[in-house]
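This briefing is meant to be read with the model open, so that each residue can be located as it comes up.

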Amino acid sequence: MIQGTMSNAGKSLLAAGLCRVLRQDGYRVAPFKSQNMALNSFITREGGEMGRAQVVQAEAAGIAPDVRMNPILLKPTTDMGSQVIVGGRVLGNMGAMEYYRRKAEFLPAVLDAYRSLDRDFDVIVIEGAGSPAEINLKREDFVNMGLARLVDAPVLLVGDIDRGGVFAQLYGTVALLEEDERARIKGIVVNKFRGDRAILEPGLETLEKLCGVPVAGVVPYLHVDIDDEDSLSARFDGGGARGLIDIAVIRLPRISNFTDFSPFERYDGVSLRYVDRVRDLRDPDLILLPGTKSTIGDLRWLRQSGLEAAVQKAAAGGTVVLGVCGGYQMLGRSIADPEGVEAADVREIAGLGLLEMDTVFAGDKRQTQTSGTLGRVEGALAPLSGLAYQGYEIHMGRAVPEEAAAPPVLAGGGNVYGTYVHGFFDAPEVADGVLRALCLRRGVDFSALGAFDAAAYRERQYDLLAQGVRESLDMELVCRILDRRV
């Protein structure tokens, strides 16, 4: 089990790296995280919903994503509540206190999922959540040490040196644990290190004495391009110079599945920027409105921030605008939530009015993978006509009237479009098609953007991650921990 001193200590990436290493060494390996809080989610072939971090880890392990790997997913809807998904299906919206009161009810689902995986695989790499030293959350814990105890898992404790104070992080975490919990920690890992390890050695020796646990490795700040778990992503901090083609993503407060746009980052001649202020929008070739877990709330923010008017002005001037899922719904004439599905204090709100569509939220959530061939696409994105696509849908809104209940995969025309399909741009032909269309409008040679093979690139990134983990961890110690010899 990989536990961390805090959120974003690098647990997810290290777990993915270990999954890849163990796969390379011939093990049948699967990831597991009992409870994940994230807005980035994925739909499996069976139609279940799970967190993308475990999808990435499954890909690293060379296996298909399975909801057993993430039996509980919490998708925040407000600062005080989340949509609760158990076993890949929506249970409902709960406030934080209600969820913690009911946590014991969900333990059987967690253990059933784990035991099922345990029957099918040689090794399970478990990821904790937050920190095991969150002493206010220890009651009914089945995410960190509570789960480690239940499944008898040895633990590697990971600290983030990039944020500073890593020795205090690690020692403080160990000091706050109970004696039996401390005994489960078999190694300490310093993560995201930049520099010469020799400088750390005196501190590492003292840390081992204080904690009574060996240092299992010092992992450098790995520069690998692998999907991030949530909005802590460093991608959001980027600005940078304009590329030959410039794409602006509106950074909604509760943005979800922003990994939909990762394919565009991998072309040398494309700049992909996340924008949350009008002055930063500038004059992009494409404006993307992403998915969100709070469509009505984020639409209100878009209006109050002035970005709604800026997007409408850009669209009127001919800029290509494309919305995905919740962003697609925002582009319509109106959004209604008569049953309070989103737990917002507004039951109906006007949209941007850029697409001839109205949306009504209902209680049933659409969760499915989808694939096919695009029909004729009109307007600026006409080069997408006839291309194969694949992805998945996760949404509760339905288009009205009835005849619009099954919208085309890519709705719209002219220069404004919308789709419910997450992962729509993952197919290289689709990403290429969008960029070809933008190059045509700007008078840029598409070949100047650089070629890109998405599948080969992704596999190479997982191999680079595994190499970094293998070279920086004491793999002999890791193997002894796996064999219960420590």
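**Pocket, cavity, helices and salt bridges**

The second largest pocket has a volume of about 800 Å³. A pocket here is an open set of points, on a 1 Å grid over the protein atoms alone, with protein on both sides within 12 Å along at least five of seven lines, whereas a cavity is a set where a 1.4 Å probe fits but cannot get out; lining residues have an atom within 4 Å of a point. Grid points are joined across faces, edges and corners, and a volume is the space filled by probe spheres set on the points. This is a predicted model, in which local features need pLDDT of at least 70 and side-chain atom pairs count only at pLDDT 80 or more, while totals for chains, interfaces and linings use all residues. Residues are numbered from 1 along each chain as its sequence is written, and side-chain values use heavy atoms, with hydrogens and water left out.

**Second largest pocket**
- Its lining comprises 30 residues, and those closest to the centre are Phe 42, Glu 59, Gln 390, Asp 426 and Arg 458.
- The largest share of this pocket's lining, four residues, comes from H2; helices (H or I, at least four residues) and strands (E, at least two) are DSSP runs, numbered from the N terminus.
- By class, the lining of the second largest pocket holds 12 nonpolar, 10 polar and eight charged residues, where Ala, Val, Leu, Ile, Met, Phe, Trp, Tyr, Cys and Pro count as nonpolar, Asp, Glu, Lys and Arg as charged, and the others, Gly among them, as polar.

**Largest cavity**
- One cavity of 30 Å³ or more is found in a search of the whole structure, and the largest cavity holds about 210 Å³ of space.
- Of the 18 residues lining the largest cavity, Thr 292, Lys 293, Ile 394, His 395 and Met 396 lie nearest its centre.
- E22 gives the most to the lining of the largest cavity, namely three residues, and the lining as a whole has five nonpolar, nine polar and four charged residues.

- H2 is followed by Gly 62, whose phi is positive, near 75 degrees.
- In helix H10 (residues 295–305), the buried residues are Thr 295, Ile 296, Asp 298, Leu 299 and Leu 302. They cover an arc of only 165 degrees around the axis, which puts them on the same side of H10; the arc is that of the directions from the helix axis to the C-beta atoms.

**Salt bridges**
- The count comes to 34 salt bridges, each being a side-chain nitrogen of Lys or Arg within 4 Å of a carboxyl oxygen of Asp or Glu.
- Asp 120 and Arg 68 meet in a salt bridge at 2.9 Å, N to O. Asp 120 lies in helix H3 (residues 96–120) and Arg 68 in the loop between H2 and strand E6 (72–78), so the pair ties together parts that are 52 residues apart in sequence.
- Arg 242 forms a salt bridge with Asp 285, their closest N and O atoms being 2.6 Å apart. Arg 242 is partly exposed at 40% relative accessibility, whereas Asp 285 is buried, with a relative accessible area of 10%.
- Arg 242, Asp 246, Arg 273, Asp 285 and Arg 442 are linked in a network of salt bridges.

Methods
Buried means under 20% relative accessible area, exposed over 50%, partly exposed in between (1.4 Å probe, protein chains only).
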